[in-house]
Amino acid sequence: KKKNFYPWLELLKVSVLVILLLFNFSTIVNKTQFISRGDAISIDELENGDILFLHTGLADSFLPGYWSHIGLIVGTDGNNVSVIESTTNGVHLLSLSDFIGDGRISVAKSINLTFQSKEIIVNFAKDKLNLPYDFYLIDKQIIGEKYYCSELIWASYQQVGIDIDKNPGFFIKYFNAVAPQEIFGDDDLIIYHVTRDLENEISNS
């Protein structure tokens with residue numbers, strides 16, 4: 001009986017998640033409340049360990065919140081900024097311009113993060129390069145063999161004792177997972193606004 005019960009429990013979890021996503025899609029018109037706040041930031045102020053939030057348009061309607069994807073800056077050399085992210089292609093590196101694409105971004109910096117802490121965060125994320133994507137989007141883990149985007153960034157910050165999940169326990173909208181929008185709303189982070197001009201400059205570089 002126990003063997004037969006587990007698949008039904010997983011099916012129930014997925015069914016509830018689908019219902020929540022459909023509800024979220026129906027409230028797309030209210031998503032502008034999540035758009036970036038804070039002071040404007042320039043490209044030369046970007047540092048290793050900074051968090052990038054990405055909004056790409058209609059496809060985001062199926063996910064809770066305005067920001068549906070997230071990455072971590074792991075290398076800066078003038079205008080050459082490297083980002084690590086996890087997508088359905090797994091954990092990989094890419095340029096900042098490729099990360100942005102045609103989307104909108106915001107930047108978050110952690111309060112009082114030391115240089116050593118930034119290195120720990122970046123090195124943890126780099127150690128996960130080439131791991132596969134985690135499609136189990138209703139839970140999170142610090143140490144694992146696969147990661148979804150916000151799970152990877154959250155786990156990286158956990159290495160220095162910082163929990164950037166605004167709702168660290170069970171939350172009806174996200175279950176036990178950690179979503180980009182939850183990280184965006186966490187009090188441990190300072191959010192910076194990225195102007196459209198800067199986004200265009202980066203995308204065309």
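Modeller: Ala, Val, Leu, Ile, Met, Phe, Trp, Tyr, Cys and Pro count as nonpolar, Asp, Glu, Lys and Arg as charged, and the others, Gly among them, as polar. The model discussed here is predicted: local features need pLDDT of at least 70 and side-chain atom pairs pLDDT 80 or more, while totals for chains, interfaces and linings use all residues. Residues are numbered from 1 along each chain as its sequence is written, and side-chain values use heavy atoms, without hydrogens and water.

Biologist: How do the residues of the lining of the largest cavity divide into nonpolar, polar and charged?

Modeller: The lining has eight nonpolar residues, one polar and no charged. Its members are Ile41, Ser42, Ile43, Leu46, Ile105, Val107, Val194, Leu198 and Ile202.

Biologist: What makes the pair of Phe53 and Trp67 tilted?

Modeller: Rings of Phe, Tyr and Trp (its six-membered ring) pair if their centres lie within 6.5 Å; planes under 30 degrees apart count as stacked, over 60 as edge-to-face and the rest as tilted. By this rule there are five aromatic pairs. The ring centres of Phe53 and Trp67 are 6.4 Å apart and their planes stand at 50°, so this pair is tilted.

Biologist: Why is it said that this pair ties together parts that are 14 residues apart in sequence?

Modeller: Phe53 lies in strand E1 (residues 51–55) and Trp67 in the loop between E1 and strand E2 (69–77), so the pair ties together parts that are 14 residues apart in sequence. Strands (E, at least two residues) are DSSP runs, numbered from the N terminus. Ring pairs also link Phe53 and Trp67 with Tyr66 and Phe184 in a cluster.

Biologist: Why is the pair of Tyr133 and Phe135 called edge-to-face?

Modeller: The centres of these two rings, Tyr133 and Phe135, are 4.8 Å apart and the planes are at 75°, so the pair is edge-to-face.

Biologist: Is Phe135 buried or exposed?

Modeller: Buried means under 20% relative accessible area, exposed over 50%, and partly exposed in between (1.4 Å probe, protein chains only). Phe135 has 58%, so Phe135 is exposed. Tyr133 has 16% and therefore counts as buried. Phe53, at 0%, is buried, and Trp67, at 2%, is buried too.

Biologist: Why does His193 count as partly exposed?

Modeller: His193 has a relative accessibility of 26%, so His193 counts as partly exposed. His193 is found in strand E6 (residues 189–193). The C-alpha atoms of His193 and Ala40 are 4.5 Å apart in space, and the two residues are 153 apart in sequence.

Methods: Helices (H or I, at least four residues) and strands (E, at least two) are DSSP runs, numbered from the N terminus. On a 1 Å grid over the protein atoms alone, a cavity is a set of points where a 1.4 Å probe fits but cannot get out, and a pocket is an open set with protein on both sides within 12 Å along at least five of seven lines; lining residues have an atom within 4 Å of a point.
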